[in-house]
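Have the structure open while you read.

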Amino acid sequence: MLEIVKGDKEFNTPIIRANRKLVASVNGGLSDPSYLVFNSGWGEEQAQNVTRRFSYPSLSSIQKPRSEEDIAFLSILELGQLIKTKQITSKELTTIFLKRLKRYNQVLEAVVTYTDELAYEQAKEADDLLAQGVYLGPLHGIPYGLKDIIAVPHYRTTWGSRSFKHQVLNIEAWVYKRLKSAGAVLVAKLVSGSLAYDDIWFGGRTRNPWNIEEFSTGSSAGPAASTSAGMVPFAIGSETAGSVTYPAARCGVTALRPTFGTTGRTGVMSISESLDKLGPFCRSATDCAIILDAIRGKDPDDLSSRDIPFDDPFSVDITKLTVGYLEDAEMEVVHVLAAKGAKMIPFKLNYTVDSVQGILNFTMDVDMLAHFDKWQRSGQDEDYEAQEQWPTELRRARVIPAVDYVQAQRARGKLIREVRDSFTVDAFIGNATDWERVCLGNLVGIPVIVVPTGFKNISQPHPSNSRRRTTITTGIYAPPEKDHIALALAMAFQSVTNHHKQRPPIDDLGPDDVIPYPSSVSQVRNPENVVNSLIYYVQICSPKGQF
């Protein structure tokens with residue numbers, strides 16, 4: 001025993017200290033990535049033309065709606081056609097969405113930073129290009145929001161944490177550069193739960209537009225709530241373990257967690273380099289396909305990103321697909337897809353690994369600790385917004401033996417092989433928020449699109465006429481690198497249903513409904529916002545429930 005202690009002191013400790021000095025002096029995992037790179041591909045032969053873009057449907061007959069409310073809930077293709085035909089300018093759209101962001105944020109607590117100056121600069125550039133006859137595509141002049149773990153120069157990137165709420169990273173995140181080159185207009189940095197954990201952040205807690213007495217859940221809280229409420233046409237969020245699927249399901253929006261490695265993560269706070277993914281929150285599956293097409297591709301500074309050769313989801317013939325459905329699938333989706341010609345069969349994903357959730361926790365927590373080693377060892381975790389979250393998990397991760405972390409990755413490999421062998425259908429349908437399935441999907445790297453399928457009454461409605469609802473969703477899962485199949489099936493379902501087109505009753509809750517007082521008024525960033533919160537509270541709680 002004394003020999004082991006001596007060896008630890010003479011050999012291990014100096015190496016540990018040297019490595020910490022080299023790579024652990026900066027938090028967030030923005031540099032010095034691990035060279036243990038996860039590839040989610042299943043070894044199938046790669047297509048040759050990886051740069052081919054998707055072929056979007058044409059919308060030649062769209063006319064500009066009269067009301068700003070109706071404009072705010074148009075799809076990306078519809079807004080893009082209005083801009084292309086010069087029925088509306090990017091500047092006008094930007095003004096509409098900034099107004100909505102500032103109007104509803106007092107209650108939803110979904111925005112960290114408004115990027116007005118940048119937005120109007122980008123909108124002017126989009127309008128000027130169009131005046132010169134240059135049209136960049138369906139995102140030309142379209143406003144959007146980014147989860148606030150994604151860096152944009154000259155603006156705060158707070159990671160949702162009071163430890164970093166004044167942090168400015170003069171880095172252009174790869175995904176931001178992609179959207180900028182497509183002509184999109186950034187109007188806001190949207191709430192991330194603190195250090196990308198759940199919906200609690202340094203400014204409060206983000207609410208669900210469909211039922212403002214509950215919270216949006218998941219760390220992509222701001223992107224989900226803002227898209228749901230028509231505050232942005234789309235937003236980019238992230239998922240390590242449920243932060244796309246959970247808030248999308250809670251807030252009733254269509255969202256895609258793509259195949260691991262689809263999108264580069266340079267300039268994005270890292271939890272786990274083998275689990276983190278960026279994905280879009282949108283009005284529809286069609287919009288998700290458009291955003292995926294814009295942001296996919298190899299990021300030279302992200303070792304895990306790849307040029308994945310997706311087929312065009314708009315050209316998939318679903319009558320040639322065999323689609324499984326699990327016991328918890330929403331049967332409306334099954335029946336609709338069957339009516340449209342897909343072969344629907346009962347299905348179960350079989351695997352023997354019984355520690356799926358534990359493997360994910362080991363992987364996520366140890367990796368997160370490596371990226372926030374200095375933060376934790378310096379005691380900054382004691383000021384964290386929710387002590388039962390990262391502080392507890394990272395303290396536990398500190399005592400996981402290195403050998404057992406490696407064994408967890410070996411078990412993960414066994415799980416991936418078993419899922420690959422069991423995935424005998426082209427896609428399957430099932431609950432998108434089942435925790436075991438969330439863990440499995442992220443460990444394996446498979447894509448899923450969350451699709452709204454209806455509503456039910458809230459569990460404890462107000463005495464009369466409450467218009468609040470609980471959203472019902474399902475997930476459409478595909479094998480890695482088959483995102484186009486999940487998208488095609490979701491588009492087929494949404495082509496004959498309108499669940500995804502419903503608007504939350506944030507302006508029209510019902511005569512007896514009262515919006516709770518914003519929980520973060522005491523923490524609002526400036527006095528004007530406190531006044532606006534009070535005005536908004538009085539106005540929306542008036543007998544008419546309207547402004």
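## Around strand β11

Let's start with a residue pair: Y325 has P346 as its bridge partner in β12. This comes from a predicted model, so keep that in mind. Y325 also has a bridge partner in β13, namely I429. Back towards β12, T322 stands opposite K343.

| Strand pair | Sense | Bridges |
|---|---|---|
| β11 and β12 | parallel | four bridges |
| β11 and β13 | parallel | three bridges |

Strand β11 covers residues 322–325.

Now zoom out to the whole sheet. It's an open sheet of 11 strands with mixed pairing, and the order runs β1-β3-β2-β8-β10-β9-β14-β15-β13-β11-β12. Which strands stand at the edges? β1 (111–114) and β12 (343–346) do, and because each has a single partner strand, one side of each has no neighbour in the sheet. On average, neighbouring strands of this sheet are turned by 30 degrees against each other, ignoring direction.

There's a helix on the sheet to look at too. Helix α16 (residues 483–494) packs on the sheet and touches β9 (254–257), β11, β13 (427–430), β14 (448–457) and β15 (469–477). The direction of α16 makes about 30 degrees with that of β14.

Definitions and conventions:
Residues numbered from 1 in each chain as written. Predicted model: local features only at pLDDT ≥ 70, side-chain atom pairs only at ≥ 80, totals over all residues. Heavy atoms only, no water. Pairing = 2+ DSSP bridges. Helix = DSSP H or I, 4+ residues; strand = E, 2+ residues; numbered from the N terminus. Axes fitted to C-alpha atoms, helices over the stretch in contact; angles between N-to-C directions. Contact = heavy atoms within 4.5 Å.
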